[in-house]
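Please look through the structure below alongside these notes, which go point by point through its helices, its core and its loops.

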Amino acid sequence: MADLLKNGKSFDGIFASSDILAIGALKALQQHGLQVPDNVQIIGFDNVTFSQYSYPALTTIHQSTDQLGEKAAERLIQSMQENHLDSNGRIVVPVHLVERETTQAWRV
């Protein structure tokens, strides 16, 4: 993030692959005098507990890690019983947006 800002890259939003990366981006933006969400909006992914305590509080995507673990365990047990591992199979777990203060949607 710091390199993008130093190189004068222009953007109005960031979607980070984890909340910790999103909070790092938030800090870098603040250090460069940019206002979140007024100048740049940020969304993280994983809804870790501390994301609600950043300033401003981080908008994030929540995915149930419990449900993901259960589905993965079921897939593993099934593979062991069938003595065959389906390496192309996907596990899909629903997600939902947790709107907080790093996006403008929460203001509406």
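**Notes on the model**

1. Asn 83 lies in the loop between α3 (65–82) and β4 (95–98), where helices (H or I, at least four residues) and strands (E, at least two) are DSSP runs, numbered from the N terminus. This is a predicted model, in which local features need pLDDT of at least 70 and side-chain atom pairs count only at pLDDT 80 or more, while totals for chains, interfaces and linings use all residues. Residues are numbered from 1 along each chain as its sequence is written, and side-chain values use heavy atoms, with hydrogens and water left out.

2. Is Asn 83 buried or exposed? Asn 83 is exposed, with a relative accessible area of 74%, given that buried means under 20% relative accessible area, exposed over 50%, and partly exposed in between (1.4 Å probe, protein chains only). Between the C-alpha atoms of Asn 83 and Pro 94, which are eleven residues apart along the chain, the separation is 29 Å.

3. Helix α2 (residues 19–31) has 13 residues, and the 18 Å from its first C-alpha to its last is close to the 18 Å expected. After α2 comes Gly 33, whose phi is positive, near 80 degrees.

4. Which residues of α2 are buried? They are Asp 19, Ala 22, Ile 23, Ala 25, Leu 26, Ala 28 and Leu 29. An α-helix has 3.6 residues a turn, so residues three or four places apart point the same way. The buried residues of α2 pack against α1 (2–6), β1 (13–15), β2 (41–45) and β3 (59–63), contact meaning heavy atoms within 4.5 Å.

5. Leu 21 also lies in helix α2, but Leu 21 is exposed, with a relative accessible area of 51%. Together with Ile 20, Phe 50 and Tyr 53, Leu 21 makes a nonpolar surface patch of about 470 Å².

6. The largest nonpolar core has 13 residues, of which Ile 14, Ala 22, Leu 29, Val 36, Ile 42 and Leu 58 touch the most other members. The largest share of this core, six residues, comes from α2. Such a core is a set of buried Ala, Val, Leu, Ile, Met, Phe, Trp, Tyr and Cys residues joined through side-chain atoms within 4.5 Å. If residues up to four places away in sequence are not counted, Ile 14 touches Met 1, Ala 25, Leu 29, Val 40, Gln 41, Ile 42 and Ile 43.

7. The bond from Val 36 to Pro 37 is cis, with omega near 10 degrees, and Pro 37 is found in the loop between α2 and β2. Tyr 55 and Pro 56 are likewise joined by a cis peptide bond, with omega about -5 degrees, and Pro 56 has its place in the loop between β2 and β3.

8. The loop between β2 and β3 also holds Asp 46, which has a positive phi of about 135 degrees although it is not a glycine. Asp 46 counts as partly exposed, at 31% relative accessibility. Asn 47, found in the loop between β2 and β3, has a phi near 55 degrees, again a positive value in a residue other than glycine.

How values were computed. The expected span of a helix is 1.5 Å times one less than its number of residues. Patches are made of residues with over 30% relative accessible area and no salt bridge: like charges are joined within 9 Å, nonpolar side chains (Val, Leu, Ile, Met, Phe, Trp, Tyr) within 5 Å. Accessible areas come from the Shrake-Rupley method with a 1.4 Å probe; for residues, only the protein chains shown count as cover. A salt bridge is a side-chain nitrogen of Lys or Arg within 4 Å of a carboxyl oxygen of Asp or Glu.
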